[in-house]
Amino acid sequence: MPQYDEHSLVRELSAHGYKDTQQRRAVLSVVLASSECLDAAEVHAKARASCPRIGLTTVYRTLEILADLGLVRRVHLQQGCHSYALASAGHHHHAVCSICHSTIEFEGCDLSNVVQSATSQTGFRVEGHWLQLFGTCPSCQSKQARNTRHAAVDSEGASE
């Protein structure tokens with residue numbers, strides 16, 4: 001899991017020549033506080049609580065800087081838009097809940113056979129990849145099971 005705090009992210013930005021601004025700190029705080037992936041509009045809405053004058057363009061720019069530095073990862077949702085989630089160092093992928101959009105990083109993806117097949121079919125020299133899995137997180141599975149049990153109990157009562 002990500003091991004960042006606001007100070008380490010600010011240090012990382014500074015090390016790459018980016019200024020420490022109130023707007024960037026507001027974006028960092030939102031990303032750090034979220035267990036789910038957020039799109040730029042959601043980050044903007046939450047960041048306005050601590051920085052009311054932050055612009056959406058600033059949020060987009062900050063998220064892109066963070067993504068380029070590998071501090072957040074772009075997460076592509078099934079609806080076709082992309083969001084951002086805090087990233088860990090190294091090579092990781094995401095499992096994204098289709099219901100609540102919680103995002104969990106995981107390691108390991110032996111795609112060597114897929115890469116070899118793609119290389120032989122296309123002639124491409126594969127230089128990297130990203131992998132995302134979509135499904136239902138344990139919390140949403142529990143809620144669905146409870147709802148199913150409640151619906152079954154309700155329907156039993158109605159048929160008597």
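Is Cys51 buried or exposed? At 3% relative accessibility, Cys51 is buried. The legends below describe close-up views of a predicted model.

**Figure 1. Cysteines without a disulfide.** The model contains zero disulfides. Cys100 is in no disulfide, and the nearest cysteine sulfur, which belongs to Cys140, lies 3.7 Å away. A disulfide needs the two sulfur atoms within 2.5 Å. Cys100 has a relative accessible area of 30% and is partly exposed, whereas Cys51, at 3%, counts as buried.

**Figure 2. The salt bridge between Asp20 and Arg25.** Side chains of opposite charge can pair when their charged atoms come close. The count for this model is five salt bridges. One of them links the side chains of Asp20 and Arg25, with an N to O distance of 2.8 Å. Asp20 is partly exposed at 42% relative accessibility. Arg25 is also partly exposed, at 25%.

Figure 3. Which residue forms a salt bridge with Glu64? The partner of Glu64 is Arg74, and their closest N and O atoms are 2.5 Å apart. Glu64 belongs to helix 4 (residues 56–68) and Arg74 to strand 1 (residues 72–76), so this pair ties together parts that are ten residues apart in sequence. Glu64 has a relative accessibility of 28% and is partly exposed. Asp68 forms a salt bridge with Arg74 as well, the closest N and O atoms being 3.4 Å apart. Asp68 is exposed, with a relative accessible area of 61%, while Arg74 is partly exposed at 32%.

**Figure 4. The largest cavity.** Rolling a probe the size of a water molecule over the atoms shows where empty space is left. A search of the whole structure gives two cavities of 30 Å³ or more. The largest cavity holds about 40 Å³ of space. Which residues line the largest cavity? Its lining is made up of Val31, Ser34, Glu36, Leu38, Val43, Leu63, Tyr84, Ala85 and Leu86. Strand 2 (residues 82–86) gives the largest share of this lining, three residues. By class, the lining of the largest cavity has seven nonpolar residues, one polar and one charged.

**Figure 5. The second largest cavity.** The volume of the second largest cavity is about 30 Å³. The residues around this space are Val10, Leu13, Ser14, Tyr18, Lys19, Asp20, Arg24 and Leu28. Helix 1 (6–15) and helix 2 (22–33) each supply at least two residues of the lining. The largest share, three residues, comes from helix 1. In the lining of the second largest cavity, four residues are nonpolar, one is polar and three are charged. Asp20, one of the lining residues, also takes part in the salt bridge with Arg25.

**Figure 6. The hairpin of strands 3 and 4.** Strand 3 (residues 93–97) and strand 4 run antiparallel and are joined by four bridges. His93 stands opposite Phe106 in strand 4. The two strands form a hairpin with five residues between them. In the turn, His101 has a positive phi of about 65°.

**Figure 7. Alternating side chains along strand 4.** In a regular strand the side chains alternate between the two faces of the sheet. Which side chains of strand 4 (residues 103–106) point to one face and are buried? Those of Thr103 and Glu105 do.

Figure 8. Where is Ser35 placed? Ser35 lies in the loop between helix 2 and helix 3 (40–47). Ser35 is exposed, with a relative accessible area of 58%. Its C-alpha atom is separated by 6.5 Å from that of Thr103, a residue 68 residues apart from Ser35 along the chain.

Notes:
Residues numbered from 1 in each chain as written. Predicted model: local features only at pLDDT ≥ 70, side-chain atom pairs only at ≥ 80, totals over all residues. Heavy atoms only, no water. Buried < 20%, exposed > 50% of the residue type's maximum accessible area, 1.4 Å probe, protein only. Salt bridge = Lys/Arg side-chain N within 4 Å of Asp/Glu carboxyl O. 1 Å grid on protein atoms, 1.4 Å probe; cavity = no way out; pocket = protein on both sides within 12 Å on 5 of 7 lines; lining within 4 Å. Points joined across faces, edges and corners; volume = space filled by probe spheres on them. Nonpolar A, V, L, I, M, F, W, Y, C, P; charged D, E, K, R; others polar. Pairing = 2+ DSSP bridges.
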